[in-house]
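Have the sequence and the 3D view open as you read.

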Amino acid sequence: MTWRLICPNFIKDRMREAQETRMLIISRTGPLGFMLKDVQTGKKYKIFLGEPHTCSCVTFMKKRDLCVHILWVLLKKFRIAQSNALVWQRSLNEREILQLLKGELISSPPNAVKKELADVGKREEVAQREITDEDVCPICQCEFLRGDNNGSAIDRDSNDSDEDNDGVSKEGIVYCNYGCGSSVHAQCMMEWAKHARSQGEAKAIKCPLCRTPFGTFEEVRQLCLKDRRKELRVKRNNLHLGFKCQRCKSCPISGKWYSCTVCQSYYLCQDCFASGEHTFHNFTVKKTVRDQACESSCSP
């Protein structure tokens with residue numbers, strides 16, 4: 001195919017869209033074949049990199065040119081810089097594919113790619129590897145510690161409604177207990193497990209990185225739910241159910257709860273109290289629902 005010297009504008013637009021779109025790698029076919037699931041639409045796409053690249057989406061089938069899904073794999077999975085001319089080519093030759101698989105095209109390799117995988121032959125439980133700024137989830141390719149436009153990094157301040165039908169937290173983290181010790185988003189691992197179950201592999205769900213068995217589908221589900229239950233206990237302990245902030249109208253009040261000692265049923269949340277609202281009376285304050293109320297001055 002003809003080598004592109006300059007990146008076309010429509011490819012630049014698709015690269016921006018690929019960076020902003022959250023997708024999950026739910027299965028792989030060899031080193032260059034991927035099954036992606038668009039989180040927003042739920043649609044699945046088959047992508048193969050090579051000579052030429054291919055994708056099962058309508059855009060590629062009509063134009064036979066790079067689509068968002070192919071670019072997502074190149075940019076997010078293989079971490080090739082957008083400025084690298086190989087990104088906007090419609091194919092890769094054998095030498096370029098070898099460079100891709102060896103990681104020679106990675107612009108800033110995450111630690112999870114650089115580290116050697118642990119010995120997967122033994123079923124001895126291993127410790128979770130420390131998560132650093134460069135580590136990414138192997139399924140959605142989002143960084144654990146750095147937020148993105150889709151809010152996919154670890155965020156413990158998200159609402160309780162941030163869960164799917166399996167009750168799995170979007171920001172929850174699980175890790176490969178018996179293999180590489182690498183971390184995975186709990187929700188992403190559930191998507192991986194559900195796809196494996198649909199392929200008849202429910203009895204042995206494997207780690208997306210080292211292929212060591214996580215366990216059965218139900219064991220993986222319980223592992224993901226365990227993180228969610230722990231998080232919900234913490235959040236519920238900080239929720240003052242049945243109490244509404246008189247200023248911002250948030251209900252229930254989360255965090256510190258302030259009650260006016262004079263006015264009946266006059267409550268404020270921590271932020272509204274700190275803003276100087278209702279300063280002419282004193283308040284009692286409770287940090288959590290289990291704490292005893294204590295006197296607080298009228299000034300924040």
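A word on burial before anything else: buried means under 20% relative accessible area, exposed over 50%, and partly exposed in between, with a 1.4 Å probe and protein chains only. The model is predicted, so local features need pLDDT of at least 70 and side-chain atom pairs count only at pLDDT 80 or more, while totals for chains, interfaces and linings use all residues. Residues are numbered from 1 along each chain as its sequence is written, and side-chain values use heavy atoms, with hydrogens and water left out.

With that in hand, 46% of the chain's 300 residues count as buried. The secondary structure comes to eight helices and 14 strands; these are DSSP runs numbered from the N terminus, helices being H or I with at least four residues and strands E with at least two.

**The sheet and its helices**

Strands β1-β2-β3-β4 form, in that order, an open sheet with antiparallel pairing; strands pair if DSSP finds at least two bridges between them. At the edges sit β1 (23–29) and β4 (54–55), each pairing on one side only. Two bridges join β3 (residues 44–48) to β4, and I47 has C55 in β4 as its bridge partner. Helix α6 (residues 186–198) packs on this sheet, touching β1, β2 and β3, and its direction makes about 40° with that of β1. Helix α3 (residues 68–77) lies across β1, β2 (33–38), β3 and β4, running at about 90° to β1. Contact here means heavy atoms within 4.5 Å. Axes are lines fitted to C-alpha atoms, for helices over the stretch in contact, and angles run from 0 to 180 degrees between N-to-C directions.

**Charged pairs**

The whole structure has five salt bridges, each a side-chain nitrogen of Lys or Arg within 4 Å of a carboxyl oxygen of Asp or Glu. Among them are these:

| Pair | N to O distance |
|---|---|
| R4 and D65 | 2.5 Å |
| R16 and D13 | 2.2 Å |
| E191 and K37 | 2.7 Å |

E191 lies in helix α6 and K37 in strand β2, so this pair ties together parts 154 residues apart in sequence. E191 is buried at 10% relative accessibility, and K37 is buried at 18%. K37, E191 and K194 are linked in a network of salt bridges.

What about R4 and D65: buried or exposed? R4 is buried, at 12% relative accessible area, and D65 is buried too, at 9%.

R16 and D13 both lie in helix α1, three residues apart. R16 is partly exposed at 45%, as is D13 at 42%.
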